[in-house]
Amino acid sequence: RNHVPFESAFLRPILNGKTLKDPGTFLEQGFPDAGILTFTFLLPAQKQLPPLQSGAQTAVIRPHERHRRKLTPELEQLALHIASSCCFSTLTTVVRSLSADFTLSTHAAKVLCSWLREMGPSCLAMQCSAAQPLLESVGSAAEDMSDLDLLAPAWVTFCGKFLTAPAPVQDLRTALDFLVAGNPTGHYRFNLASPSEFLAAEYLLATNEWETELAKSKSFPDVSQKGNYQCLRNESLDDESFEYRPEWPLPASGIFQFHIALPKRPTKSSKVISDDAWQRMMEMLSSSQVPALAQVMCLRRASPSLVVNCQQALAAMKALCPDKERKRGKKKKKAKRKKRKKGGRKGLPPASAEALPEHVVRKALFSVLIFRIKDFKSIREVFFEGDGPFAGRDAERNLLECETAFGRLNLLDPARIDSQLHMLNLDHHEDRQICRLILSIVFEENKKKPFQKGQFVPCKYGRRGETALRTLHVVPVWWAEVDPPLHGALAIKMAASKANEKAREKIAAKYMRM
């Protein structure tokens with residue numbers, strides 16, 4: 001309905017690995033009978049509905065719903081009246097027809113759900129064929145979203161074998177609370193039997209697909225977990241891990257859990273928020289009486305329009321997630337002294353002990369700020385070393401968890417890449433990219449000459465799972481000229497040298513999002 005030229009809507013179509021200069025030939029000659037065609041489809045501007053009757057806001061139609069029309073209350077009542085007089089086989093046909101062409105209110109969807117449920121278990125196939133389009137046709141306006149979860153009991157009935165129970169109502173860490181379109185990076189756990197969470201998962205998968213195709217079209221480095229450009233990481237369904245692919249259909253039930261990391265950095269022209277404004281914001285959040293995780297949620301809502309530096313992010317971490325380990329250590333010593341004097345059992349923990357652990361809140365806050373930091377190359381040094389919030393006795397575990405959630409390549413500092421020992425599994429895409437980066441930097445700094453003894457201290461290579469890896473005194477130069485081995489475990493550390501930061505960053509731009 002929004003007229004867009006064909007060439008502008010389909011960007012950079014690639015047929016069997018070759019870029020098509022004129023996509024308009026498809027209109028004249030038609031599509032080929034065989035081959036692999038990849039392209040990026042540019043959606044036109046969002047179409048909006050007329051203002052609601054309350055006049056409070058305007059509803060936005062989702063891209064795949066633009067053909068649907070919103071039923072007036074009178075027509076909706078007429079449709080329900082007709083459906084109520086239908087037999088079971090006709091009812092499913094009426095529901096599918098309504099869902100295909102119209103946007104239904106939550107009330108109408110609940111009524112149709114109750115009627116479909118009366119069909120009984122013998123008609124499960126017919127129920128499923130009508131339930132899926134019915135869920136997709138529910139209105140996306142804000143006034144309907146609050147009632148979508150009321151459909152869950154009826155929706156579960158249509159899902160066949162439902163393996164997992166819904167999340168507890170008392171759990172404040174719901175995926176919907178953290179879902180912010182402008183900055184969705186974080187960990188999500190969706191109960192797909194809940195219609196609102198199903199829609200949220202559907203939205204994040206669409207966002208992932210858009211960012212994936214955009215990165216491919218602009219030839220950005222692949223910083224994904226599995227070398228497929230996907231922003232999803234550690235995905236699992238009902239606690240069973242799998243590799244997400246674009247053709248994977250989102251099931252109607254189950255617990256869908258994953259991390260998503262959208263490596264969209266602030267541009268060079270972006271201005272960092274002033275220290276005074278940032279300090280006032282932190283004082284306002286930290287002085288509130290709401291739990292720490294709720295404060296992080298508030299910051300996430302505002303994060304898409306914020307750009308900060310590492311020191312400001314560190315100040316936010318100290319303000320919203322203060323380190324209480326020293327205080328706890330002092331309290332433990334005092335408690336031990338009292339116990340020695342008085343004896344007896346310890347008292348019950350205070351009510352505040354039920355609050356979330358500090359490290360959980362810290363990592364939630366880190367997920368909010370990681371891609372809003374302009375000087376991101378200093379993240380590892382500021383947060384994971386010295387007196388950083390993730391340093392200390394659990395530094396290795398914290399770094400491993402953050403690298404697993406947000407990506408090893410997104411937490412790497414190419415200028416200081418020689419300051420640490422890298423334990424790499426060459427079967428994994430991210431580790432291979434780090435290996436390529438290290439070898440490329442040393443190869444360029446060595447003026448493209450063969451590697452010499454002492455340039456890597458140490459360098460050990462062997463099969464995965466071996467207790468003792470074989471020491472390589474001289475790394476083969478073909479590892480840098482061609483490619484490192486496809487399999488095996490590698491422990492490598494560059495010998496300390498004077499780093500040319502600009503040269504290293506130029507090389508790193510081939511493997512990282514700079």
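Analyst: Start at strand β11 (residues 456-462), which pairs with β13 over five bridges in the antiparallel sense. The model is predicted: local features need pLDDT of at least 70, side-chain atom pairs count only at pLDDT 80 or more, and totals for chains, interfaces and linings use all residues. Residues are numbered from 1 along each chain as its sequence is written, and side-chain values use heavy atoms, without hydrogens or water. Helices (H or I, at least four residues) and strands (E, at least two) are DSSP runs numbered from the N terminus. Two strands pair if DSSP finds at least two bridges between them.

Strand β13 is largely enclosed by the rest of the structure, because five of its six residues are buried. Buried means under 20% relative accessible area, exposed over 50%, and partly exposed in between (1.4 Å probe, protein chains only).

Arg432 pairs with Asp483, and their closest N and O atoms are 2.8 Å apart. Arg432 sits in helix α18 (residues 429-445) and Asp483 in the loop between α19 (478-481) and β13 (489-494), so this pair ties together parts 51 residues apart in sequence. Arg432 is buried at 8% relative accessible area. Asp483, at 22%, counts as partly exposed. Other salt bridges share partners, joining Lys363, Asp394, Arg397 and Glu401 into one network. A salt bridge here is a side-chain nitrogen of Lys or Arg within 4 Å of a carboxyl oxygen of Asp or Glu.

The structure holds 19 salt bridges. One of them joins the side chains of Lys377 and Glu505, with N to O at 2.8 Å. Lys377 is in the loop between α15 (358-369) and α16 (379-384), and Glu505 is in helix α20 (residues 501-508), so the bridge ties together parts 128 residues apart in sequence. Lys377 is partly exposed, at 25% relative accessibility. Glu505 is partly exposed too, at 21%.

Glu403 and Arg380 form another salt bridge, with closest N and O atoms 3.4 Å apart. Glu403 belongs to helix α17 (residues 395-406) and Arg380 to helix α16; they are 23 residues apart and link distant parts of the chain. Both ends are buried: Glu403 has 8% relative accessible area, and Arg380 has 6%.

Now move to the other end of the numbering. Three strands make an open antiparallel sheet in the order β2-β1-β3. The edge strands are β2 (18-19) and β3 (37-41); each has a single partner strand, so one side of each lacks a neighbour in the sheet. Strand β1 (residues 10-15) joins β3 through four antiparallel bridges. Leu11 has Thr40 as its bridge partner in β3. Helix α10 (residues 195-217) packs on this sheet, touching β1 and β3, and its direction makes about 110 degrees with that of β3. Contact means heavy atoms within 4.5 Å.

Thr212 is in helix α10. Thr212 is buried, with a relative accessible area of 0%. Leaving out residues up to four places away in sequence, Thr212 touches Asn228, Tyr229, Gln230 and Cys231.

A helix pair comes next. The axes of α3 (residues 73-84) and α5 (residues 106-117) come within 11 Å and cross at roughly 0 degrees. The two helices are therefore roughly parallel to each other. From α3, the contact uses Glu76, Gln77, Leu80, Ala83 and Ser84; from α5, His107, Ala108, Val111, Leu112 and Trp115. Six of these contact residues are nonpolar, three polar and one charged. Axes are lines fitted to C-alpha atoms, for helices over the stretch in contact, and angles run from 0 to 180 degrees between N-to-C directions. Angles under 35 degrees count as roughly parallel, over 145 as roughly antiparallel, 65 to 115 as roughly perpendicular and the rest as oblique. Ala, Val, Leu, Ile, Met, Phe, Trp, Tyr, Cys and Pro count as nonpolar, Asp, Glu, Lys and Arg as charged, and the others, Gly among them, as polar.

Last, the whole chain. It has 20 helices and 13 strands. Of its 514 residues, 44% are buried. Among contacts between residues at least 6 apart in sequence, 71% join residues at least 24 apart.
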